[in-house]
Amino acid sequence: MKRFACCLLLALGFSTAARADGLPEWSIWKNPRDSLLVVSLVDTAAGTFSGTFINNAKGYRCAGLAVPITGKITGNQIAFVANFAPCVNTITAWKGTLGDKTISTSWQLYSADDDGNFKELKNDDVFTRVN
């Protein structure tokens, strides 16, 4: 029984690490609004990653500005957040599934204008790997 439990734990550990390998360092992902997710660092042991997000969506401020992102990956589940504070009072969080060449997500954007009024937007994105 102990051998079975050890084998199961090893198999689960290898499958999680293998999934994190599906998100390689210096990979670039593009969504339908031409925004880019650039993954620059992946820590497979911790299940974390970091990089930058470049918003190119029409009608949004900060177009073309790269902001830092941090994220977590567990198996094929992925989540990451971008803080656009250098440009505007906005934070966006994505949560979804990592595939072979795509990241399918739902996102929530929270912002506050200069008068302190809050706004929340929600939508879906599919990022496609471009490199």
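How many strands form the closed barrel, and in what order do they run? The closed barrel has eight strands, in the order S1-S2-S3-S4-S5-S6-S7-S8, with antiparallel pairing.

## Basis of the description

The model is predicted, and local features need pLDDT of at least 70, side-chain atom pairs count only at pLDDT 80 or more, and totals for chains, interfaces and linings use all residues. Residues are numbered from 1 along each chain as its sequence is written, and side-chain values use heavy atoms, with hydrogens and water left out.

## The barrel

In the barrel of eight strands, neighbouring strands are turned by 30° against each other on average, direction ignored. The axes are lines fitted to C-alpha atoms, and angles run from 0 to 180 degrees between N-to-C directions. Strands are DSSP runs (E, at least two residues), numbered from the N terminus, and two of them pair if DSSP finds at least two bridges between them.

## From S2 to S4

Strand S2 (residues 36–43) pairs with strand S3 (residues 48–54) in the antiparallel sense over seven bridges. Val-38 stands opposite Thr-52 in S3. Thr-52 in turn stands opposite Pro-68 in S4, and seven bridges join the antiparallel strands S3 and S4.

Strand S4 (residues 66–74) has a covered face with Val-67, Ile-69, Gly-71 and Ile-73, whereas Ala-66, Pro-68, Thr-70, Lys-72 and Thr-74 belong to the uncovered one.

S4 also pairs with strand S5 (residues 77–83), antiparallel over six bridges. Here the bridge partner of Ile-69 is Ala-82 in S5. The hairpin of S4 and S5 has two residues between the strands, and Gly-75 takes a positive phi near 65°.

Key:
Helices (H or I, at least four residues) and strands (E, at least two) are DSSP runs, numbered from the N terminus. Buried means under 20% relative accessible area, exposed over 50%, partly exposed in between (1.4 Å probe, protein chains only).
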